[in-house]
Amino acid sequence: VFQLSFPLNFLGSVYRELRQSLIDMEVMFNLQGVEVSIKDSPNAKPLILKGGEIKFEDVVFGYHPDRPILNGISFTIPRGKKVAIVGPSGCGKSTILRLLFRFYDPQNGNIYIDGQNIKDVKLESLRANIGVDTSLFNNTIYHNIAYGQMTADREKVESAAKRARIHDVIMSLPKKYETRVGERGLMISGGEKQRVALARTILKDPPIIFFDEATSALDTHTEQSLLSNIRSFLQGSNKTSMFVAHRLRSIADADVIIVLRDGVIIEQGTHDILVQYDGIYRDMWFTQEMADPAFDEEEEEFSRK
Ligand code: ATP
């Protein structure tokens, strides 16, 4: 699998683009009041959060019914825990997040948040409770951070930017928070974009958080610093978080690591347990260790945190 990492990564990036545009499309549809295929059920009720336990029960899903991606996935994440989903490129990691966000419904099985089937809750309340590291819109940095929280005052927006360690960068730009970013605006770096998106999540302060490393084409250093910002944001917050990760060291501290392959969960446990077990996770861990000359150094840094 890893010998093929170049072409698979390339394909991965194609789907990443698709995913990004999917999220943007959803946002756009919402803004324009256009109907999307997933709708509230007639008796939909608002989601009532009781800590953010997430449960997948025998979930089967394929974008095209004749090509299943998930083949009966079951797992439970207790509230307030950090879970990581790992596995080969294209195995369906981001798909799990998309299903939870209800961009699609599973063909079989059910997904629950705090015991409520997400099919039966109001979409708006579902999405309001989940933070996701979406891409930036063509708008000012201020609006990109305040998106969805239009009542947030300037002080709150700036405080979120400070916590995401992007405030100083913003202040160094000629137009500061009024700088336009996105396709038609200033091209800020990948790491800066992610920190703006993180500031948005911090401001939204949702009980459930997703981070999809697939969206980041960051250099190791930027990624490490972003992850440490995310870690400090999550620390002691009691938020349930789900990470999709390629670089295993970034999620080695997760409470549960789920290893996905060929549409099923093949391993599940903490890093310490999985790395001792003669399986895929252990293979992936040591393959990455050998492939990355900087690994030892960063690994030491990671374990000191
Ligand atoms: P990566 O590690 O490369 O980010 P992943 O494990 O997150 O991949 P997903 O993005 O969940 O994988 O995609 C799983 C599979 O579903 C992909 O191999 C792709 O073939 C397919 N797929 C993803 N998005 C779509 C879509 N919008 N329409 C059709 N097929 C899709």
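Over residues 298-305, where pLDDT stays under 50, how many contacts beyond four places in sequence does the model have? Select that stretch to begin: the model has 12 such contacts there, a contact being heavy atoms within 4.5 Å, and pLDDT being the predictor's confidence in each residue, from 0 to 100. This is a predicted model, in which local features need pLDDT of at least 70 and side-chain atom pairs count only at pLDDT 80 or more, while totals for chains, interfaces and linings use all residues. Residues are numbered from 1 along each chain as its sequence is written, and side-chain values use heavy atoms, with hydrogens and water left out.

Select residues 28-35 next, where pLDDT again stays under 50 and the model has three contacts beyond four places in sequence.

Now move to helix α7, residues 190-204; helices here are DSSP runs of H or I with at least four residues, strands are runs of E with at least two, and both are numbered from the N terminus. The end C-alpha atoms of α7 are 21 Å apart, which agrees with the 21 Å that its 15 residues should span, the expected span being 1.5 Å times one less than the number of residues. Of those 15 residues, 12 are buried, meaning under 20% relative accessible area with a 1.4 Å probe and protein chains only; among them are Glu192, Val196 and Leu203. Just after the helix, aspartate 205 takes a positive phi of about 50 degrees.

Leaving aside neighbours within four places in sequence, arginine 195 is in contact with Ala164, Arg165, Ile166, Val169, Leu226 and Asn229.

Finally, select strand β11, residues 256-261, which is largely enclosed by the rest of the structure because five of its six residues are buried. Strands pair if DSSP finds at least two bridges between them. Strand β3 (residues 82-86) pairs with β11 in the parallel sense over four bridges, and alanine 84 has isoleucine 257 as its bridge partner. Strand β12 (residues 264-269) pairs with β11 in the antiparallel sense over five bridges, with glutamine 268 as the partner of isoleucine 258. To end, zoom in on the hairpin of β11 and β12, which has two residues between the strands, and where aspartate 262 in the turn has a positive phi of about 50 degrees.

Notes:
Buried means under 20% relative accessible area, exposed over 50%, partly exposed in between (1.4 Å probe, protein chains only).
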